[in-house]
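Hello,

Here is the structure to be handed over. Notes on what was found follow below.

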Amino acid sequence: MMQHQQQQQPPPPPQHPPPQQAGGGDFYRGPLQPPMRQLSAASSTNLPPDYAAHPGAPPHQQQQQQQPFDAYGDSFGAKRMRKPVQRRTVDCTSSLVRYAQTRMWQRDARDRFTLQPTAAAVVDMLPSVAYPDNPSTSFASKFVHSSINKNRCSINCVVWTPTGRRLITGSQSGEFTLWNGQSFNFEMILQAHDQAVRSMIWSHNENWMVTGDDGGAIKYWQSNMNNVKVNKTAHRESVRDLSFCRTDLKFCSCSDDTTVKVWDFARCQEERSLTARPWLGC
């Protein structure tokens, strides 16, 4: 009977360490947990950093480990710096603003200030239109810049945009190239005609541009280079020149087919045709 009672007694409670005393030390955090099971499958997240140098590593990893950081033999770490290039810029805005301010009270050349031959007088220089009595101010005597198109071919005609900030060129390949008139870099290339562009002109209201090509075609363009109308049978040969009337209601075109034609701009219809000598250049 005594032996049966001894067997039914519960096991003694676990012995806890004494509480933490003053003076430092670790607090009791319960019984120790078994260590976590280590992953058996190797992946890119649990590989040691020196695994690439192991002789059993894949060949491409060994090559990446052996490749030096400076792979190009310079001190820029495969990032070569470009040499800074200073762009020459021609900005005529200041002289135009100065002209708009002074023409309100200047009657003619009698009220104009005389420019002094010093560098400080550049701020008082006005555009050429302000010196009608002195044509020498319109002479372009200093070379500024030379720009080359991506597709090297001859340029047949050149016109400025109505704002005077951009330049449009018509090439032998039938392309329009829009150039920045201040920094001299091209902004847009457009395949405008199937043949070489020979003539370009803006209307007086600065809203429309008319162009002609070697095939005798005439096209209408808006200021955003949107083609709105095409007349492919305007002339039999190359359209050499175009001209608008004062009201922009009509324009005329001259061609190598010895004709000068007057067109109604709104309808793009021929109103009159004049025949000249065997070769006509306008």
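Is Asp214 buried, partly exposed or exposed? Asp214 is partly exposed, with a relative accessible area of 22%; buried means under 20% and exposed over 50%, with partly exposed in between (1.4 Å probe, protein chains only).

This is a predicted model, in which local features need pLDDT of at least 70 and side-chain atom pairs count only at pLDDT 80 or more, while totals for chains, interfaces and linings use all residues. Residues are numbered from 1 along each chain as its sequence is written, and side-chain values use heavy atoms, leaving out hydrogens and water.

Salt bridges

The whole structure holds eight salt bridges (a side-chain nitrogen of Lys or Arg within 4 Å of a carboxyl oxygen of Asp or Glu). One of them joins Arg198 and Asp214 at 2.8 Å, N to O. Arg198 is in strand β5 and Asp214 in the loop between β6 and β7, 16 residues apart; strands are DSSP runs (E, at least two residues), numbered from the N terminus. Arg198 is also partly exposed, at 23% relative accessibility.

Lys261 forms a salt bridge with Glu270, with 3.7 Å between the closest N and O atoms. Lys261 counts as buried at 12% relative accessibility, whereas Glu270 is partly exposed at 40%.

Sheet

An open antiparallel sheet has four strands in the order β5-β6-β7-β8, where two strands pair if DSSP finds at least two bridges between them. β5 (197-202) and β8 (227-231) are at the edges with a single partner strand each, so one side of each has no neighbour in the sheet. Five bridges join β6 to β7, and Met209 stands opposite Trp221 in β7.

Regards
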